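Notebook open, model loaded. I want to look up how the strands pair and what the packing inside looks like.

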Amino acid sequence: MNYKKAREHMVESQIMNRGILNEKLLEIMKQVPRHLFVSKSMISAAYDDHPLPIGHGQTISQPYMVAIMTDILELKGDEKVLEVGAGSGYQAAILSKLAKKVVTVERVKELAERTKKLLKKYKYENVKVIHGDGTKGYEKNAPYNAIIVTAAAPKIPNKLIEQLAENGRIVAPIGPRWHQELIRIKKTNGKLEKDYFGGCIFVPLIGDD
Ligand code: SAM
């Protein structure tokens, strides 16, 4: 398969066609080799328009979902970003090209270890992978200018709101098990403002908070 062509087609047909026109993000999605992050047996489907299993009952999100969540984080390049749910590491690789520093937390040890190795191997050097419960955030590097939660929860965990910097953004799928709403929260003068970006379905966020 010509992966470069597959990526270009993915970006044009799945992302631009659905109205995402953030040039920097589109360029990065044309460059980051998604097929290196999926399971070996799924390589031929790496650029298809849906999520894929990555083992342990978890998934790599649909390319469009990665694109819209990243787009609405409104990254300028100088941010410290927290991702909850590292999964395959693909979303973290995209974020690493759009922000200064990325901390990504994953609760499944094997996935955290695999992602750490992959990101190191392919030189995504500004990403730190932590094995742990991301509902607690990651206090050591807080506060974060942007937080992205890539697993579904009934509400945003309090710790994440606490660890969000002033003028920061949180993007997360919020709602019951089989249907969530993609929401963005912005913190301005300590106040939270919420915007809605449509329906989605994610695997559950499993944690203490
Ligand atoms: N962002 C990922 C990617 O690019 O492949 C996709 C993430 S997948 C949809 C959701 C991930 O969240 C799973 O890997 C799951 O194990 C993880 N997860 C669920 N609850 C978690 C928690 N409390 N802390 C950290 N990770 C969690």
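Before counting partners, I note the rule: two strands pair if DSSP finds at least two bridges between them. I also keep in mind that this is a predicted model.

Entry, strand β3. I started with β3, residues 80-84, and checked its pairing with strand β6, residues 144-149. The two run parallel and share four bridges.

Next I looked at strand β4, residues 101-106, which is parallel to β3 and joined to it by five bridges. Here I noted K80, whose bridge partner in β4 is K101.

How many of the five residues of β3 are buried? I get four, so to speak a mostly covered strand.

I followed the chain from β3 through helix α4, residues 90-96, to β4, and logged a right-handed β-α-β unit.

Entry, cores. Which members of the largest nonpolar core touch the most other members? I wrote down M29, F37, Y90 and I94, out of 51 residues in that core. Then I listed elements that supply at least two residues each, including α1 (3-15), α2 (23-31), α5 (109-121), β1 (52-55) and β5 (127-131), with α4 and β6 also among them. The most comes from α3, which gives seven residues.

Leaving out residues up to four places away in sequence, I94 touches L25, I28, M29, V32, V66 and T70. Last, I found another core lying apart from the largest one, with 20 residues, among them Y144, A153, I156 and I170.

Terms used. Residues numbered from 1 in each chain as written. Predicted model: local features only at pLDDT ≥ 70, side-chain atom pairs only at ≥ 80, totals over all residues. Heavy atoms only, no water. Buried < 20%, exposed > 50% of the residue type's maximum accessible area, 1.4 Å probe, protein only. Right-handed = clockwise from strand over helix to strand, strands pointing away. Core = buried A, V, L, I, M, F, W, Y, C linked by side-chain atoms within 4.5 Å. Contact = heavy atoms within 4.5 Å.
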